[in-house]
Amino acid sequence: MANRNETPTEVTRVAPSWLVKEAEKDKSLTGVDAHKRVPMIKCVQAMSADEIKGYGEGAIVTAPGNQLLAAPGEVLQFVPLFMFEEYCKWSDLDDKDSPMILERSFWANSDIAIKAKDTTRRFEDYGNSYKYRYVHHLHFPGIIYTGEFKGLIATLTFCRGEFFTGQNFCSACSMRKIDGVRVPLWAQVWDLSSSQRQGRYKWQGLDLKVPELSPIIDDCDREAFKKLHVEFKELWEKSLIQVEVDSNENINDEL
């Protein structure tokens with residue numbers, strides 16, 4: 001039994017009653033919500049920057065931040081909380097004077113989306129041998145469920161050479177069942193690792209598999225994760241969410 005006079009090693013902070021009451025009706029964070037930016041999960045590539053190259057090709061890191069989530073060959077677990085599509089107009093990867101993402105849209109009937117889904121209109125010349133590229137993204141904001149960064153919210157993003165991986169993940173999520181019962185997206189646990197791809201180029205991509213043990217979240221996480229799903233959905237509906245999209249250096253495949 002612990003001695004009440006000992007210095008505690010862990011402190012649980014309890015919100016005061018006034019804070020609980022004020023939070024129920026508070027609107028002061030409305031403007032802050034408009035700047036909700038979610039980091040992305042990516043693989044270290046052969047041509048990655050020096051600051052992450054030391055983690056090893058195939059390591060899984062965050063962008064921005066460059067936090068090492070898993071070394072090459074390691075597996076961590078990820079829970080997708082929400083899924084949405086985005087269409088972006090990219091500048092040429094060799095154009096260092098322009099922002100990487102020039103325009104963004106969530107809507108499938110937008111001009112950017114129409115061009116992104118049309119192989120004949122996906123690229124546009126804009127001088128100096130540069131080409132705009134219209135890109136279809138599949139985003140899965142979610143939460144790291146194991147390891148040092150357990151609880152970190154970040155996004156799996158699939159586009160270009162990894163777009164079909166994202167489509168397959170969508171199908172796998174929609175078919176997840178336990179004893180014939182369909183599992184909500186926000187309750188699904190996935191093993192996340194990396195492996196090398198081979199197309200016109202070689203690159204590292206993310207793989208997702210159903211864990212052999214504990215394929216769904218713990219019951220104690222149910223209410224919190226369901227609430228996070230609703231929050232992400234509301235942010236998306238108000239166009240208030242933005243993923244920190246990264247170039248994924250070597251993913252210049254056909255898409």
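Colleague: Why is Phe84 called buried?

Modeller: This is a predicted model, and in it Phe84 has a relative accessible area of 2%. Buried means under 20%, so Phe84 is buried.

Colleague: What makes the pair of Phe84 and Phe106 edge-to-face or stacked?

Modeller: The search of the whole structure finds 13 aromatic pairs. In this one the ring centres of Phe84 and Phe106 are 5.4 Å apart, and the planes stand at 80°. Centres must lie within 6.5 Å for a pair, and planes over 60 degrees apart count as edge-to-face, so Phe84 and Phe106 form an edge-to-face pair. Phe84 belongs to strand E6 and Phe106 to the loop between E7 and helix H4 (111-116), so the pair ties together parts 22 residues apart in sequence. Phe106 has a relative accessible area of 11% and is buried.

Colleague: Why is the pair of Tyr126 and Tyr130 called tilted?

Modeller: Their planes meet at 40°, with the centres 5.7 Å apart. Stacked needs under 30 degrees and edge-to-face over 60, so this pair is tilted. Tyr126, at 23% relative accessibility, is partly exposed, and Tyr130 is partly exposed at 22%.

Colleague: How do you know that Lys150 lies over the face of Tyr145?

Modeller: Lys150 is at 5.4 Å from the ring centre of Tyr145. The limit is 6 Å, together with an angle within 35 degrees of the ring normal. Arg176 lies over the face of Trp190 at 4.6 Å from the ring centre.

Colleague: What makes Arg104 and Glu86 a salt bridge?

Modeller: The closest N and O atoms of Arg104 and Glu86 are 2.7 Å apart, and the cut-off is within 4 Å. Arg104 lies in strand E7 and Glu86 in strand E6, so the bridge ties together parts 18 residues apart in sequence. Glu86 is buried at 2% relative accessibility, whereas Arg104 is partly exposed at 28%. By this rule the count comes to 10 salt bridges.

Colleague: Which residues are linked with Lys115 in a network of salt bridges?

Modeller: Asp111 and Glu124 are linked with Lys115 in that network. For Glu124 and Lys115 the closest N and O atoms are 2.7 Å apart. Lys115 is buried, with a relative accessible area of 11%, and Glu124 is partly exposed at 24%.

Colleague: Why is Asp92, which is buried, left without a salt bridge?

Modeller: The nearest side chain of opposite charge is Lys131, 7.5 Å away. A salt bridge needs a nitrogen within 4 Å of a carboxyl oxygen, so Asp92 has none. Asp92 sits in the loop between strand E6 (84-90) and strand E7 (101-105). Its contacts beyond four places in sequence are Tyr126, Ser129, Tyr130 and Lys131. Lys131 does meet Asp125 in a salt bridge, at 2.6 Å from N to O. Asp125 counts as exposed at 59% relative accessibility, and Lys131 as partly exposed at 38%.

Colleague: What makes up the largest nonpolar core?

Modeller: The largest core has 26 residues, of which Val79, Leu81, Ile217, Phe225 and Ile241 touch the most other members. E6, strand E9 (131-144), helix H6 (222-237) and strand E15 (241-243) each give two or more residues to this core. H6 gives the most, with four. Apart from this core lies another, of 20 residues, among them Cys43, Phe78, Phe163 and Leu192.

Technical notes
Residues numbered from 1 in each chain as written. Predicted model: local features only at pLDDT ≥ 70, side-chain atom pairs only at ≥ 80, totals over all residues. Heavy atoms only, no water. Buried < 20%, exposed > 50% of the residue type's maximum accessible area, 1.4 Å probe, protein only. Lys, Arg positive; Asp, Glu negative; His and termini not counted. Contact = heavy atoms within 4.5 Å. Phe/Tyr/Trp six-rings, centres within 6.5 Å; stacked < 30°, edge-to-face > 60°. Core = buried A, V, L, I, M, F, W, Y, C linked by side-chain atoms within 4.5 Å.
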